[in-house]
Amino acid sequence: MARFWVCVAGAGFFLAFLVLHSRFCRSPVLRNFTFAVSWRAEEILYRLDVDWPKHPEYFTGATFCAAVDSLNGLVYVAQRGDNIPKILVFTEDGYFLRAWNYTVDSPHGIFAASTQYEQSVWITDVGSGVYGHTVKKYSSFGDLVQVLGTPGKKGTGLNPLQFDNPAELYVEDTGDIYIVDGDGGLNNRLIKLSQNFMILWLHGENGTGPAKFNIPHSVTLDSAGRVWVADRGNKRIQVFDKDTGEWLGAWNNCFTEEGPSAVRFTPDGKYLIVAQLNLSRLSVVAAPPVGSIGECSVISTIQLADQVLPHLLEVDRKTGAVYVAEIGAKQVQKYVPLNSYVPPFGS
């Protein structure tokens, strides 16, 4: 029987139990679980939004990733499976809008890079079919705009650029693109591309030393101009200067049990949210000050049910809500910062 650990305080425990039980019983993976209370002295920063999405039956495959268009209040979910829509589009309130499946083989990572002039969605495709081993840009309605890589053919080349199981990407407001390639394939690379898709810098060697990777799985930026990479196989996070690509340091001490699978910063830049897939755990880590990487310091954790398997996640840059794609539970869950919570029954 799966076990679900929840940190709760005060008389709200019983109500929390009833609400969470109602939510999780809708999932075939999580119908049977037990509650145990962890009394560790750590700060509780998030609550589960049990009403997101409004209709979870739209999740019909393994949900690998989620992206948030904060500008337009949209949430994209990419899932895998046969004869199902690969991309689902919801409102941030959880209402289903539409789905599309065009030229998507096996999605791995997804990123929404919208501006006031354009709504765009980038997808890393690790499929072995005719659309695989590519990084692709779409409109919000699934129109294919740009393809990077050679569709259906994996490789290590740089001119033309090729990929093998590209894991994830992050698109900066300037249009520059950061790609981690690959998820167990030929490549172990971090690539920065200009908005015109020219290679600006690259780290691309398999290994355990500085600026070397073993399954680089997720990438993000902070407001200080640093690039953070979940170096999953090496059980660490590596940090680089976004302009020069210079290696700035690494965090090794927080991930001795399992390497990180996803990294994203909160909108205020105070915390880094980290997922660990096989531990079914989310960690809220204190962000270091400018000019220092320091040591990893976990402020809070969210222990999910066994076999939930949080793969990748995204943070809404307006609200701070965290969307977690869970391939084991075949769902995406939304966690809301506690400081934004309004009690439903008044004070």
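Student: Where does Pro53 lie?
Tutor: Good place to start, and keep in mind that this is a predicted model. Pro53 is joined to Trp52 by a cis peptide bond, with omega about -10°. Most peptide bonds are trans. As for its place, Pro53 sits in the loop between β3 (46-48) and β4.

Student: Which residue is joined to Pro160 by a cis peptide bond?
Tutor: Look in the loop between β11 (144-148) and β12 (166-171), where Pro160 has its place. The peptide bond there has an omega of about 5°. The partner of Pro160 in this cis bond is Asn159.

Student: Which aromatic cluster does Trp52 form part of, and with what residues?
Tutor: The structure holds twelve aromatic pairs. Trp52 belongs to one aromatic cluster, and its other members are Tyr58, Phe59, Phe90, Phe96 and Tyr323.

Student: Is Phe96 buried or partly exposed?
Tutor: Buried means under 20% relative accessible area, and exposed means over 50%. Phe90 has 0% and is buried. Phe96 has a relative accessible area of 24%, so this residue is partly exposed.

Student: How many residues apart in sequence are the parts that Trp228 and Phe265 tie together?
Tutor: Trp228 is buried at 0% relative accessible area, and Phe265 is buried at 11%. Their rings form an edge-to-face pair, 5.4 Å centre to centre with 75° between the planes. Trp228 lies in strand β19 (residues 226-231) and Phe265 in strand β22, so the distance in sequence between the parts they tie together is 37 residues.

Student: Which residue lies over the face of Phe64?
Tutor: The structure has an arginine over a ring at Phe141, where Arg98 lies 3.9 Å from the ring centre. At Phe64 the distance to the ring centre is 3.6 Å, and the residue over the face is Arg80.

Student: Is the disulfide of Cys254 and Cys296 left-handed or right-handed?
Tutor: A search of the whole structure finds one disulfide, and in it Cys254 is joined to Cys296 with an S to S distance of 2.1 Å. Cys254 is in the loop between β21 (247-251) and β22 (262-265), and Cys296 in the loop between β24 (281-286) and β25 (298-303), so the pair ties together parts that are 42 residues apart in sequence. Cys296 is buried, at 7% relative accessible area. The torsion about the S-S bond is about -105°, so the disulfide is left-handed.

Student: How far apart in space are Ile327 and Cys65, C-alpha to C-alpha?
Tutor: Ile327 has its place in the loop between β27 (322-326) and β28 (331-337), and at 18% relative accessibility Ile327 counts as buried. Cys65 is buried too, with a relative accessible area of 1%. Ile327 touches several residues, including Ala62, Thr63 and Phe64. In sequence Ile327 and Cys65 are 262 residues apart, but in space their C-alpha atoms are separated by 8.7 Å.

Student: Is Gln307 buried or exposed?
Tutor: Most residues other than glycine have a negative phi. Ala211 has a positive phi, near 65°, and at 14% relative accessibility counts as buried. Gln307, in the loop between β25 and β26 (310-315), also has a positive phi, of about 65°. At 52% relative accessibility, Gln307 counts as exposed.

Note on methods: Residues are numbered from 1 along each chain as its sequence is written. This is a predicted model: local features need pLDDT of at least 70, side-chain atom pairs count only at pLDDT 80 or more; totals for chains, interfaces and linings use all residues. Side-chain values use heavy atoms; hydrogens and water are left out. A disulfide is a pair of cysteine sulfur atoms within 2.5 Å. Helices (H or I, at least four residues) and strands (E, at least two) are DSSP runs, numbered from the N terminus. Buried means under 20% relative accessible area, exposed over 50%, partly exposed in between (1.4 Å probe, protein chains only). Rings of Phe, Tyr and Trp (its six-membered ring) pair if their centres lie within 6.5 Å; planes under 30 degrees apart count as stacked, over 60 as edge-to-face and the rest as tilted. A charge sits over a ring if NZ of Lys or CZ of Arg is within 6 Å of the ring centre and within 35 degrees of the ring normal. Contact means heavy atoms within 4.5 Å. Lists of a residue's contacts leave out its neighbours within four places in sequence.
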